[in-house]
Amino acid sequence: MNRLNRLFTPLLAALLCSPAAADAQSEALLQKMSQQIRSYNSYRITFTAQVKGRDAEAGQLTVARDRFALKLGGKEFYGDGYNLWAYDPKRNELVIDPLESDRQRNLVTDPSQLLDIDPGRYRHRSLPAQGGLQVVELTPLAKSPEYERITLRIDPATSLPKQITLHLVQSPAVTLVIGSFTPNVPLTADSFRFRAADHPGIEVIDFR
């Protein structure tokens, strides 16, 4: 089911500054980012996904609460809070899976969590600023089979990340460089469902 794992990927963390101060600082940064994201009804970001040794790929992610639509490398992924549609245009193949329970989901298997990070689910610390961006490293409290940690580079002017690095378990690290952020995008329920009828001859594999 974890087809989204391939989208995202090991950069090494920097040195930790004062532990007590860093933890308080990272907590404040993450809380502010979460509050900012949750103040919007929806949002859309454009980004490039970079993996060392490979060409960068352009992507777009649209989110409304626990629903998402992701386009990356020509592939499309849709989640309506209950099911995941994964479409591969080269094969003209659609795979439908039930989404995992809320407790089992994480930001690799559920992109709606990519910017809406709950600090209580991670050990987190601040790292030295880089290029004017505040840096936070997060390690999940519950061990994940998909990823080991996340590095956020946050713009202090907006409290939103400009870069997100996902350090995956069995793949090289993926860095998402965010190009644009658009809040409160007009959306409907159909924005988060794949329309198989628009693709003649499509092969549908339904695991629901």
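# Strands, cores and turns in a predicted model

User: How many residues does the hairpin that joins E10 to E11 run through?
Analyst: This is a predicted model in which local features need pLDDT of at least 70 and side-chain atom pairs count only at pLDDT 80 or more, while totals for chains, interfaces and linings use all residues. Residues are numbered from 1 along each chain as its sequence is written, and side-chain values use heavy atoms, with hydrogens and water left out. Strands here are DSSP runs (E, at least two residues) numbered from the N terminus. The number of residues through which the hairpin joins E10 to E11 is five.

User: Which residue stands opposite Thr165 in E11?
Analyst: Strands count as paired if DSSP finds at least two bridges between them, and E10 pairs with E11 (residues 174–183) in the antiparallel sense over four bridges. In E11, the residue opposite Thr165 is Thr175.

User: Which residue in E10 is the bridge partner of Arg149?
Analyst: Strand E9 (residues 147–155) runs antiparallel to E10, and eight bridges join the two. Within E10, the partner of Arg149 is His167.

User: How many residues of strand E10 (residues 160–168) are buried?
Analyst: A residue is buried under 20% relative accessible area, exposed over 50% and partly exposed in between, with a 1.4 Å probe and protein chains only. By that criterion strand E10 is mostly covered, and the buried share of its nine residues is seven.

User: Which residues have the most contacts inside the largest nonpolar core?
Analyst: A nonpolar core is a set of buried Ala, Val, Leu, Ile, Met, Phe, Trp, Tyr and Cys residues joined through side-chain atoms within 4.5 Å. The largest one has 37 residues, and strand E1 (residues 43–51) gives the most to it, with five residues. A second, separate core holds ten residues, including Phe192 and Phe194. Inside the largest core, the residues with the most contacts are Ile150, Leu152 and Ile164.

User: Which residues does Ile164 touch, not counting residues up to four places away in sequence?
Analyst: Contact is taken as heavy atoms within 4.5 Å. On that basis, and leaving out residues up to four places away in sequence, Ile164 touches Leu114, Leu115, Ile150, Thr151, Leu152, Val174, Thr175, Leu176 and Ile178.

User: What is the relative accessible area of Ser159?
Analyst: Most residues other than glycine have a negative phi. Ser159, although not a glycine, has a positive phi of about 65 degrees, and it is found in the loop between E9 and E10, whose hairpin has four residues between the strands. Ser159 is buried, with a relative accessible area of 10%.

User: Is Asn92 buried or exposed?
Analyst: Asn92 is found in the loop between strand E5 (83–88) and strand E6 (93–98), and has a positive phi of about 50 degrees although it is not a glycine. With a relative accessible area of 18%, Asn92 is buried.

User: Where does the backbone nitrogen of Ser26 lie relative to a polar atom of the side chain of Ser126?
Analyst: Ser126 lies in strand E7 (residues 122–130) and is buried, with a relative accessible area of 1%. From a polar atom of the Ser126 side chain, the backbone nitrogen of Ser26 lies at 3.2 Å.

User: Why is strand E8 (residues 133–140) largely enclosed by the rest of the structure?
Analyst: Strand E8 has antiparallel neighbours in E7, to which seven bridges join it, and in E9, with which it pairs over five bridges. Leu138 stands opposite Ile150 in E9. Strand E8 is largely enclosed because its buried residues number seven of the eight.

Technical notes: Polar contact = N/O pair within 3.5 Å; in protein donor to acceptor, adjacent residues only side chain to side chain.
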